[in-house]
Amino acid sequence: MTERKQFRAIKGTRDILPPESALWNHVEQTAREVFSTFGFGEIHIPELELSRLFERAVGDDTDIVAKELFTWVDSPRANKGIREARVKAIGANYRGNDPVAPLREEMIRLIGEGNFDKLAEANRISLRPEGTASVCRAYIEHGMYTWPQPVKLYYIGPMFRRERPQKGRYRQFYQIGAEVLGQSDAPAIDAELLEMLLGYFDRVGLTRTTLYINSIGDKRCRPLYVELLRGELRKVKGNLKEDSRRRIETNPLRVLDSKIPEEQPIIEKLPRISDHLCDDCRAHFAKLKEELALRSVPYQENWRLVRGLDYYTRTTFEVTAEGLGSQNAVCGGGRYDGLVELLGGPTTKGIGFAIGTDRVVLALSSILDTLVPNEEIPTSPISTLMQRPDLVVTGTTEGTWSRATVLAQSLRRRGLSIFLPKPGTKLPKVFDAAQKLGIRVAIIVGENESQGNQYAVRVLQPTEPKSPRDLRIPFDDVVRYGKLVKLRQDLERSLARLSTGVEPTPRGIALSRITQTLIAEGILPNRVGGTIQDLMSILNSAIHGKELTSGSVDWALATGNLLLNELETINPFREKENA
Ligand code: AMP
């Protein structure tokens, strides 16, 4: 037993398994859908960058860079650097009087000490701890300042920080980030980004979030405020703890982040940035609040929200969610005018955010856990996000397995999800495994049918209408039957989600298409098809974030359940052909 478990995911990393991974997909896919309605395009950025990028952009003094970077020397290059240094160093020994001799001596010393990291300083690379620096690097590298402005980009993926792992805090964690880069810093851009962010949380089903906003000034007024703050902090230094005392000199703003209870009354009396903004920053912040009101985006001001990264100016914000304990921030962001310049690009304004995917999923699962699923459709809310196979396709003998494989291929190409057990599995085992997966119908390729392109149908679940036990159907009927099964399953899952208050994932289009084909083929009566379309329009408004009245939810559930019963009585087979 111990042997089996000798390898485990390393500290701070973890595996994400089904059905939870379906929830992750939902969280990420919803971001893609919502962000694209605001004109954002997806960017894929590398997980590795030169360490210097983060040192420059995020800041040497920040925890992220000073303590949490996963960094190493890229060995082939470093080794080459070291080899070259050695050659040059030997050269230096020969040509004693050389202008760069001190440098070479330093190299000799470093080699002697085995201090290769220092030697290969320029070649250090890091796993990215955040995405903004890379997006700005890419903006410059690909000349995106010549694109129509502003450039709106989002990224989705893992980040790495060597933090102390706990619930909601990992060393490999995931973010969904968005950035707006361009020439304008209009408050409407900030407000629209926040509108999109809260719209996203709404759509994804994360309720009870709070948006906090602040302005931390710009490079004119902030330094003055920082000096003022430093002066005030020095006066109360004796009452502060070690960390805060150190920060008085290194980064006084960070003292405002302190959660230490004894420091709170002291911090509350400190001067507030809002009273020290320059006229431009004050006007920007005031306009932002107007723009948020215009968009009905609810927010709270929090003057202590300064955030841990160096590059922020003016607008900063954070979103917290309930049910997450101490790690309750699900998103952080702000304006970073000047960052692109700092990295060697042209004058550019920028604003962005990063959502903590892990925490959104955690918060959503805790919401899902407390929901009581509809009794008539007993599925757990998370599992309703999983796609179940529609059919199991199986052979019975040596000679039929290859036909089963080909049949599965054709059905999958038609959009049906197929469970194909491994060749040679005995029928009772196939049925057992299929039932555990929630599959209701088996298509059996038997020896007898193999000549006539006919397949046997076996009903596995009691909810499925009984078909004549040895019904043989042609391929086209297998497809029709499969579609009908899929339609029922999808409807059922959508209803289950509607009844638990979880937004149905958008499969409206797929459902619509299946419904239309089945009507056209004369399988679904028009009346039933019409009711499905009505039901779908309700599910679709839920998908598009429309508040549903309890009346329309009740109607949808009642009609949906009737419809499911009715669908079960429908015969998907062409009577004539089977007669
Ligand atoms: P930051 O990049 O530090 O502004 O963080 C943005 C968001 O990412 C936070 O609000 C968290 O939701 C999430 N986050 C940051 N660090 C971690 C971590 N170590 N583990 C999980 N989520 C994190």
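Q: How many residues surround the ligand, and which are the closest?
A: In this predicted model, 15 residues surround the ligand. The closest are Arg161, Glu163, Tyr170, Arg307 and Ala329.

Q: What does the side chain of arginine 161 do there?
A: An N or O atom in the side chain of arginine 161 is 2.8 Å from an oxygen atom of the ligand.

Q: And tyrosine 170, which part of that residue is involved?
A: A polar backbone atom of tyrosine 170 is 2.8 Å from a nitrogen atom of the ligand.

Q: What about cysteine 331?
A: Cysteine 331 also has a polar backbone atom facing this list of distances: that atom is 3.4 Å from an oxygen atom of the ligand.

Q: OK, switching to helices. At what angle do α1 and α8 pack?
A: About 135°, with the axes of the two helices 10 Å apart. Helix α1 covers residues 20-37 and helix α8 covers residues 187-204. Because of that angle, α1 counts as oblique to α8.

Q: Is that crossing left-handed or right-handed?
A: The crossing of α1 and α8 is right-handed.

Q: Which residues meet there?
A: On the α1 side, they are His26, Val27, Thr30, Ala31, Glu33, Val34 and Phe35. On the α8 side, they are Met196, Tyr200, Arg203 and Val204.

Q: How does that contact split by class?
A: The contact of α1 with α8 has seven nonpolar residues, two polar ones and two charged ones.

Q: α8 has another partner, α12. How do their axes cross?
A: At roughly 45°, and the axes of α8 and α12 come within 8 Å. Helix α12 is residues 279-294.

Q: Left-handed or right-handed, for α8 passing α12?
A: Right-handed.

Q: Which residues of α8 and α12 meet?
A: From α8, Pro187, Ala188, Asp190, Ala191 and Leu194. From α12, His284, Lys287, Leu288, Glu291 and Leu292. By class, the contact of α8 with α12 divides into six nonpolar, one polar and three charged residues.

Q: What is the phi of arginine 208?
A: Positive, about 50°, although arginine 208 is not a glycine.

Q: Where is proline 150 placed?
A: In the loop between α7 (132-141) and β5 (151-160).

Q: One last pair. How do α9 and α10 pack?
A: Helix α9, residues 221-235, and helix α10, residues 242-250, pack at about 145°. Their axes are 9 Å apart, and the crossing of α9 and α10 is left-handed.

Q: Which residues make that contact?
A: Arg230, Leu233 and Arg234 of α9, with Ile248, Glu249 and Thr250 of α10. The contact of α9 with α10 has two nonpolar, one polar and three charged residues.

Note on methods:
Residues are numbered from 1 along each chain as its sequence is written. This is a predicted model: local features need pLDDT of at least 70, side-chain atom pairs count only at pLDDT 80 or more; totals for chains, interfaces and linings use all residues. Side-chain values use heavy atoms; hydrogens and water are left out. Axes are lines fitted to C-alpha atoms, for helices over the stretch in contact, and angles run from 0 to 180 degrees between N-to-C directions. Helices (H or I, at least four residues) and strands (E, at least two) are DSSP runs, numbered from the N terminus. Angles under 35 degrees count as roughly parallel, over 145 as roughly antiparallel, 65 to 115 as roughly perpendicular and the rest as oblique. A crossing is left-handed if the near helix is turned anticlockwise from the far one by less than a right angle, and right-handed if clockwise. Contact means heavy atoms within 4.5 Å. Ala, Val, Leu, Ile, Met, Phe, Trp, Tyr, Cys and Pro count as nonpolar, Asp, Glu, Lys and Arg as charged, and the others, Gly among them, as polar. A residue is near a molecule or strand if one of its heavy atoms lies within 4 Å of it. A polar contact is a pair of N or O atoms within 3.5 Å; within protein, one must be able to donate a hydrogen and the other to accept it, and residues adjacent in sequence count only if both atoms are side-chain atoms.
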